[in-house]
Amino acid sequence: MALDEIKISRAIIERYFQKLNNYLEMDVAIVGAGPSGLMAAYKLAREGFKVAVFERRMSIGGGIWGGGMMFNEVVVQEEGARLLREIGVRFEPWNDGEYYTADSVELACVLGARALQAGAKIFNLIMVEDVMVREGRVVGLVLNWTAVEGAGLHVDPLAVRAKYVVEATGHETAVLQVMQRKLGAKLATETGTIMGEKSMWAEVAESLTVDYTREVYPGVFVAGMAANATFGAYRMGPIFGGMLLSGERVASLIAERLRQG
Ligand code: 48H
């Protein structure tokens with residue numbers, strides 16, 4: 001069959017708009033396609049919830065690819081290895097199983113594939129610039145093309161509605177930053193504000209990150225490094241188990257809420 005450039009263009013346009021149109025309303029909108037956001041997407045989609053991830057960059061995976069200081073291996077502890085096994089990422093014991101290591105490129109690719117094949121949609125090249133609120137609760141996200149922001153263009157955004165939002169933007173806590181700035185949002189932290197991450201202490205940081213994975217404002221849950229930074233925990237450095245476990249935890253907390261209706 002002859003290849004027709006206009007038909008190719010039409011196929012892309014139709015399919016993309018079908019996808020976007022279908023995700024103007026959803027159960028869970030996840031901001032950031034790093035390890036915690038992707039794990040949350042995988043777990044929620046597998047449970048049958050309608051979930052989308054909005055990622056500012058072209059590529060998914062966030063900080064996974066770079067491993068530690070660009071050495072593209074990731075380290076996880078026993079609990080993290082359980083999740084690697086579940087998603088089918090190969091890993092090896094290190095030092096008689098004290099830790100486990102995996103190829104960071106494999107983790108980024110496989111985790112993304114699992115989330116997509118479980119039914120989550122990933123919208124890359126889109127940044128979340130604001131939230132939508134109703135009576136003290138976040139009910140959706142305000143989106144724009146990353147390129148619009150980069151070019152400094154004055155283009156108004158579009159909005160999507162979600163029953164729950166996951167703030168998984170990592171160190172940046174981009175969603176909470178904007179809520180703090182524009183709404184004066186009082187967060188469920190000790191100070192009511194984003195407390196900011198502390199210096200490195202891996203052991204404490206890994207468990208605190210999972211503990212702090214919770215609802216921080218009505219309708220908004222924090223996960224991954226964003227949970228850590230929001231609650232003023234120590235950072236963990238290049239160990240990724242806590243990120244994956246935090247993604248798993250946020251998915252189970254939200255699934256419970258969604259089931260309650
Ligand atoms: C859309 C956005 C926006 C926005 C940012 O940083 P990440 O990998 O996030 P986590 O928390 O899943 O994983 C953290 C981990 O990578 C890490 O940094 C660790 C373990 N550090 C420890 C230490 O001590 O340093 O991914 C966040 C994603 C990125 O892909 C961003 O591009 C994206 O969020 N993002 N997407 N709209 N406004 N802001």
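Good morning. What we have here is a predicted model, in which local features need pLDDT of at least 70, side-chain atom pairs count only at pLDDT 80 or more, and totals for chains, interfaces and linings use all residues. Residues are numbered from 1 along each chain as its sequence is written, and side-chain values use heavy atoms, with hydrogens and water left out.

A note on names: helices (H or I, at least four residues) and strands (E, at least two) are DSSP runs, numbered from the N terminus. Two strands are said to pair if DSSP finds at least two bridges between them.

Strand E7, residues 126-134, runs antiparallel to strand E8, residues 137-145, and eight bridges join them. Glu135 has its positive phi although it is not a glycine. Glu135 is also exposed, since its relative accessible area is 83%. For that term, buried means under 20% relative accessible area, exposed over 50%, and partly exposed in between, with a 1.4 Å probe and protein chains only.

Thr173 is not a glycine either, and its phi is positive, near 40 degrees. Thr173 is found in the loop between strand E9 (158-167) and helix H6 (174-183). Is Thr173 buried or exposed? Thr173 is buried, with a relative accessible area of 1%.

I turn now to the open sheet. Three strands form it in the order E3-E5-E4, with antiparallel pairing. Its edge strands are E3 (73-76) and E4 (92-94), each of which pairs on one side only. From one strand to the next, the twist averages 35 degrees. Between E3 and strand E5, residues 99-103, there are four bridges in the antiparallel sense. Val74 stands opposite Ala102 in E5.

Helix H4, residues 104-117, lies across E3 and E5 and runs at about 75 degrees to E5. Here axes are lines fitted to C-alpha atoms, for helices over the stretch in contact, and angles run from 0 to 180 degrees between N-to-C directions. Ser104 belongs to H4. Ser104 is buried, with a relative accessible area of 0%. Leaving out residues up to four places away in sequence, Ser104 touches Ile64, Trp65, Gly67, Asn72, Glu73 and Val74. Contact means heavy atoms within 4.5 Å.

My last topic is helix H9, residues 241-260, and two helices that meet it. The axes of H3 (residues 78-87) and H9 come within 8 Å and cross at roughly 65 degrees. H3 passes H9 in a left-handed crossing. A crossing is left-handed if the near helix is turned anticlockwise from the far one by less than a right angle, and right-handed if clockwise. On the H3 side, the contact is made by Glu79, Gly80, Arg82, Leu83 and Leu84, and on the H9 side by Gly241, Leu244, Leu245 and Glu248. By class, this contact of H3 with H9 has four nonpolar, two polar and three charged residues. In this scheme Ala, Val, Leu, Ile, Met, Phe, Trp, Tyr, Cys and Pro count as nonpolar, Asp, Glu, Lys and Arg as charged, and the others, Gly among them, as polar.

The other partner is H2. H2 and H9 pack at an angle of about 40 degrees, their axes 7 Å apart. The crossing of H2 and H9 is right-handed. Among the H2 residues that meet H9 are Pro35, Ser36 and Met39, and the H9 residues include Met243 and Gly247. The contact of H2 with H9 has ten nonpolar, two polar and two charged residues.

Which residues does Ser36 touch, residues up to four places away in sequence not being counted? They are Ala168, Ala223, Gly224, Met243 and Gly247. Ser36 lies in H2, residues 35-46, and is buried, with a relative accessible area of 5%. Thank you for your attention.
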